[in-house]
Amino acid sequence: LFGEGERLMLVRDVSQMHRLESMRKDFVGNVSHELRTPITVINGYLETLLDHKDSVAPRWIKPLEQMHQQSQRMENIVRDLLTLSRLETKALSKEQDRIDTCALLREVKGEAEQVFNQKEHSFELTATPNVYIRGNLSELYSAISNLLFNAAKYTPNKGTIKLTSRMLENGFEIEIEDNGVGIEEQHIPRLTERFYRVDESRSTDTGGTGLGLAIVKHVLARHGANLEVFSVVGKGSRFVCHFPIDSLIEAPSTKQ
Ligand code: ADP
């Protein structure tokens, strides 16, 4: 309302902003796509050379190993950038999966136990049975495994990592809790930004790309869900994915 019987209307043309935003998305997608082949080739040759160490002069072994490590890092970054670009540009398909959350959590836990076998963590799963959600199975698998793998990565050996799902009045939540290094409060709001890392050296040591939580945030947003982070330095962190009630669907009927 502006005056008596009058209205003030503000109009802003955001077409240019939208154009720039879509150029940015295309650019990141294209660059990542173009880089994939050359990196795969370099990586492949380095692997072959390292498989035949006896025919390589000894002084080249260390540099080759470092080149291989870095080319694998590049491969991971490009893979994650492509995933993000797909999440940003492609709408969630109409044909969605009926996801058995219990089975999903069991599977992710099994994979984490294998991948982090050497760290001797104890993974504890407490899942509410018979909860089914509508969504994209591979995207949600990747989101939950990113969170669980982070918990395992940023927790010193022999830690305890809890994976819990529970029904709430207004929805459903999946919680990943660790008793690892924790995160200082000032970093928490920025964690889901691309390439944001609390501790650069720790993250690159653990093979991180700095894109994992950005992927988690996008996947959850596409499913109408959100991420909450609680953490205390030196005590551990808790990442909670909250799904709204309308993402729940009925369990498949067992009647013949
Ligand atoms: P990265 O590939 O570096 O792990 P992410 O986007 O997955 O990237 O995470 C961003 C940063 O958040 C990490 O570099 C790390 O510093 C911090 N972080 C994520 N999960 C945890 C956790 N469970 N405990 C402590 N720090 C974490």
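## Strand pairing

Strand 1 (residues 97-100) and strand 3 (residues 132-135) run antiparallel, joined by 4 bridges. In this pairing Asp 97 stands opposite Gly 135 of strand 3. The model is a predicted one.

Strand 3 also pairs with strand 8 (residues 248-249). That pairing is antiparallel and has 2 bridges. Here Ile 133 stands opposite Leu 248 of strand 8.

## Helix 3: span and cap

Helix 3 covers residues 101-115, 15 residues in total. From first C-alpha to last it reaches 21 Å, close to the 21 Å expected at 1.5 Å a residue.

Asp 100 caps the N-terminal end of helix 3. One of its side-chain oxygens lies 3.1 Å from the backbone nitrogen of Cys 102.

Which residues of helix 3 are buried? They are Thr 101, Cys 102, Leu 104, Leu 105, Val 108, Lys 109 and Ala 112. Seen down the axis of helix 3, the buried residues fall within an arc of 160°, so they line one face of the helix. An α-helix has 3.6 residues a turn, so residues three or four places apart point the same way.

On the other side of helix 3, Arg 106, Glu 107 and Gln 114 are exposed. The buried residues of helix 3 are covered by several elements. Strand 1, strand 2 (122-126) and strand 3 are among them. The cover also includes helix 4 (137-153), strand 4 (160-168) and strand 5 (171-178).

## Cysteines

How many disulfides does a search of the whole structure find? The search finds 0. Cys 102 is in no disulfide, and the nearest cysteine sulfur, that of Cys 241, is 16 Å away. A disulfide needs the two sulfur atoms within 2.5 Å. The sulfur of Cys 241 has its closest cysteine sulfur in Cys 102, so at 16 Å it is too far for a bond.

Are Cys 102 and Cys 241 buried or exposed? Cys 102 is buried, with a relative accessible area of 12%. Cys 241 is buried too, with a value of 1%.

## His 68

Where is His 68? It sits in helix 2 (residues 61-89). His 68 counts as buried, because its relative accessibility is 14% and the cut-off for buried is under 20%.

Neighbours within four places in sequence are left aside for its contacts. His 68 is then in contact with Asn 43, Leu 46, Glu 47 and Leu 50.

Notes:
Residues are numbered from 1 along each chain as its sequence is written. This is a predicted model: local features need pLDDT of at least 70, side-chain atom pairs count only at pLDDT 80 or more; totals for chains, interfaces and linings use all residues. Side-chain values use heavy atoms; hydrogens and water are left out. Buried means under 20% relative accessible area, exposed over 50%, partly exposed in between (1.4 Å probe, protein chains only). Two strands pair if DSSP finds at least two bridges between them. The expected span of a helix is 1.5 Å times one less than its number of residues. The arc is that of the directions from the helix axis to the C-beta atoms. Contact means heavy atoms within 4.5 Å. A polar contact is a pair of N or O atoms within 3.5 Å; within protein, one must be able to donate a hydrogen and the other to accept it, and residues adjacent in sequence count only if both atoms are side-chain atoms.
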